[in-house]
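Welcome! Take a moment to look at the picture below, and then we will walk through it together.

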Number of protein chains: 2
Amino acid sequence: MGTRQRLITTASELLAEDGVGAVTLRGIAKAAGVSHGAPLRHFSGRAELLSAVATQGFTELLDRRTRLPDGTPRERLSAACHSYVDFALRNPAMFELMFRRDLIDPDEPALAAVSSAVFDEFAALVAAVGGHRTDPRLVAASLWAALHGLAQLWLWGGLAGASFVPSPEAALAVTLDAYLG
Amino acid sequence: MGTRQRLITTASELLAEDGVGAVTLRGIAKAAGVSHGAPLRHFSGRAELLSAVATQGFTELLDRRTRLPDGTPRERLSAACHSYVDFALRNPAMFELMFRRDLIDPDEPALAAVSSAVFDEFAALVAAVGGHRTDPRLVAASLWAALHGLAQLWLWGGLAGASFVPSPEAALAVTLDAYLG
DNA sequence: AACCCGAAGTAGACAGTGTCTACATCAGTT
DNA sequence: AACTGATGTAGACACTGTCTACTTCGGGTT
């Protein structure tokens with residue numbers, strides 16, 4: 001495995017183990033067994049390396065979409081929604097990195113391609129269900145945002161101090177009921 | 001105005017002007033006209049200062065809730081939803097700071113109090129509308145997450161590269177229609 | 001009045017960060 | 001054989017947050 005790929009792999013491992021704050025260029029280099037300047041021979045800077053890591057995250061998200069179980073369009077859409085929230089809760093650091101535009105470069109071609117592919121796939125699932133009053137892609141954007149906010153708010157622990165703490169599954173059920181019920 | 005309050009005010013101004021990345025402890029001190037070590041006489045560290053700034057953000061959010069126009073419960077809830085997204089889009093840096101748990105301390109008493117008050121206020125608005133099949137607070141959590149995700153996704157520009165770019169107003173309309181329609 | 005003491009501010013230091021530059025190594029081409 | 005470009009190293013620089021002396025100064029106590 002070349003140094004470039006090992007840097008990406010090492011960064012992914014550090015990310016999963018110690019969180020976004022621990023993913024430092026020098027730390028990655030040390031963990032990969034190279035000097036602190038070596039990463040700059042393969043990436044223009046930290047943003048480009050982390051963008052490559054985030055691209056892997058979006059790719060896994062896309063893979064989950066293509067491996068949905070058979071069933072009615074509605075069942076497939078519901079499974080995709082569960083899958084999105086499940087991915088975020090299982091890989092909190094990766095999920096955070098994927099939407100931290102101060103750490104990654106959203107204009108990175110590979111990253112932009114796979115992230116918009118994720119949206120297009122999702123929009124196709126929404127369109128397949130049908131029965132909407134407006135453009136399915138508009139509904140898809142709204143529903144995706146709802147899922148995204150659910151994951152984000154839950155990871156943030158924003159409701160931890162409130163008087164009422166719902167489970168993410170229960171909140172997701174309400175969300176799906178609102179859109180699909 | 002005491003130094004402590006001036007530090008908070010200066011930090012808020014820097015945040016609004018130059019974004020989250022520019023809000024550095026030393027930069028705040030310089031802009032406030034004190035030495036780089038002075039802030040530590042009033043705050044235990046960066047997290048405590050930024051938590052105070054974020055608390056002001058949540059307080060403004062709460063103020064918006066208490067100044068909703070008269071009308072039916074449904075109209076008031078709709079106005080609150082618009083207000084939330086509007087706040088996020090108008091104050092992107094503040095909105096980002098308010099949910100960056102690596103920069104602030106969510107357990108800060110004042111911050112935890114006002115943020116959960118925002119949720120409780122919102123849950124009360126949802127409950128006033130009525131007609132839900134489940135606990136209104138559960139619906140409130142789901143709807144809040146939808147609004148939050150909408151603002152977040154829009155600020156992130158995640159759909160900028162996609163083949164279809166909806167306006168935030170249109171997406172919000174779909175969201176409200178799903179929950180209230 | 002003399003003393004003290006704690007709060008507030010300053011300046012310096014330290015480790016850590018991303019990035020730049022000079023240098024070394026080494027395989028492949030001409 | 002000599003050059004060349006890619007790859008890696010080591011050092012430096014400016015910047016960050018935080019810690020630790022050191023000063024300054026105003027208000028109470030004795």
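Predicted model: local features only at pLDDT ≥ 70, side-chain atom pairs only at ≥ 80, totals over all residues.

Start with chain A, which has 181 residues. If you trace its fold, you will find 8 helices and 0 strands. Now consider the contacts in chain A with a separation of 6 or more: 66% of them join residues 24 or more positions apart.

Next, where does chain A meet chain B? Here 40 residues of chain A are in contact with 40 residues of chain B. On the chain A side, α6 (109-129), α7 (136-156) and α8 (168-180) each supply at least two residues. The biggest contribution to this side comes from α7(A), with 14 residues. Sorted by class, the side of chain A that touches chain B has 23 nonpolar, 13 polar and 4 charged residues.

Finally, look at DNA strand D, which has 16 residues around it. Which of them come nearest? They are A:Thr3, A:Ser35, A:Gly37, B:Leu25 and B:Gly45. Helix α2 (residues 25-32) of chain B provides the largest share of the surface near DNA strand D, with 3 residues. By class, that surface divides into 4 nonpolar, 9 polar and 3 charged residues.

Technical notes:
Residues numbered from 1 in each chain as written. Chains lettered and ligands numbered in written order. Helix = DSSP H or I, 4+ residues; strand = E, 2+ residues; numbered from the N terminus. Buried ≥ 20, exposed ≤ 12 C-beta atoms within 10 Å, placed from the backbone. Contact = placed C-beta atoms within 7 Å. Nonpolar A, V, L, I, M, F, W, Y, C, P; charged D, E, K, R; others polar. Near = placed C-beta within 6 Å.
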